[in-house]
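Biologist: Could you put the model up and walk me through it?
Modeller: Gladly, here it is.

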Amino acid sequence: MSDAVLVYDDDCGFCTWWAEFLDGRADLRIVGFSDLDPSLRERLPPEFESCAHLVTDDAVHSCGASIEEALLRTGVGSRFRPAVESLRTFGTYRNVRELGYRRVADSRAWWGKLLSKRPPARE
């Protein structure tokens, strides 16, 4: 098992859908905001509830970088790691990745009509 932990908004149906999708496909543990323990919470940025985070022993990937890293930890995604690591050296790529993440995150209510699971925090 990996040391990676994906931290997500477990009060959001769309976010829960993604977390469950990744849970069965990626080598990582899934933890919702409502289940954060103090040691994991301490590693997150102050405004942690503004996006998802992927935490490893060595780094914290936030927002678009967290989903990118989670997808790279799937069987299919792992094949793209060398290309993505090359792309990460370009500021334009990072800006587009984060813009894409923010656009989707800011319209979660709409996306949740298409892809949604009952959020654990609401049970």
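Biologist: What should I know before reading any values?
Modeller: This is a predicted model, with residues numbered from 1 along each chain as its sequence is written, and local features need pLDDT of at least 70, whereas side-chain atom pairs count only at pLDDT 80 or more. Totals for chains, interfaces and linings use all residues, and side-chain values use heavy atoms, with hydrogens and water left out.

Biologist: OK, what is the strand order in the open sheet?
Modeller: The order is β2-β1-β3-β4, an open sheet of four strands with mixed pairing; strands are DSSP runs of E with at least two residues, helices are runs of H or I with at least four, and both are numbered from the N terminus. Two strands pair if DSSP finds at least two bridges between them.

Biologist: Which strands stand at the edges?
Modeller: Those are β2 (29-32) and β4 (60-62), and because each has a single partner strand, one side of each is left without a neighbour in the sheet. From one strand to the next, the twist averages 20 degrees, where axes are lines fitted to C-alpha atoms, for helices over the stretch in contact, and angles run from 0 to 180 degrees between N-to-C directions.

Biologist: And in which sense do β1 and β2 pair?
Modeller: They pair in the parallel sense, with four bridges between β1 (residues 5-8) and β2. Valine 5 stands opposite arginine 29 in β2, and valine 7 has valine 31 of β2 as its bridge partner.

Biologist: Which β1 residues are buried, and on which sides?
Modeller: Val5 and Val7 are buried on one side and Leu6 and Tyr8 on the other, so to speak a strand with both faces covered; buried means under 20% relative accessible area, exposed over 50%, and partly exposed in between, with a 1.4 Å probe and protein chains only.

Biologist: Switching to α5, how many residues does it have?
Modeller: Helix α5 (residues 91-106) has 16 residues and reaches 22 Å from its first C-alpha to its last, close to the 22 Å expected, a span taken as 1.5 Å times one less than the number of residues.

Biologist: Which residues of α5 are buried?
Modeller: They are Arg97, Tyr101 and Ala105. Seen down the axis of α5, these buried residues fall within an arc of 65 degrees, so they line one face of the helix; the arc is that of the directions from the helix axis to the C-beta atoms.

Biologist: Which are exposed on the other side?
Modeller: Thr92, Asn95, Val96, Arg103 and Asp106 are exposed there, while the cover over the buried residues of α5 includes α3 and α6 (108-112).

Biologist: What does tyrosine 101 touch?
Modeller: Not counting residues up to four places away in sequence, tyrosine 101 touches Cys51, Ala52, Cys63, Gly64 and Ile67, where contact means heavy atoms within 4.5 Å. The backbone nitrogen of alanine 52 lies 2.9 Å from a polar atom of the tyrosine 101 side chain.

Biologist: And arginine 97, what is it in contact with?
Modeller: Leaving aside neighbours within four places in sequence, arginine 97 is in contact with Gly64, Ala65, Glu68 and Arg88, and at 17% relative accessibility it counts as buried.

Biologist: Last one: is threonine 16 buried or exposed?
Modeller: Threonine 16, in helix α1 (residues 13-23), is buried, with a relative accessible area of 0%. Its contacts, leaving aside neighbours within four places in sequence, include Tyr8, Asp9, Lys117 and Pro120.

Definitions and conventions: A polar contact is a pair of N or O atoms within 3.5 Å; within protein, one must be able to donate a hydrogen and the other to accept it, and residues adjacent in sequence count only if both atoms are side-chain atoms.
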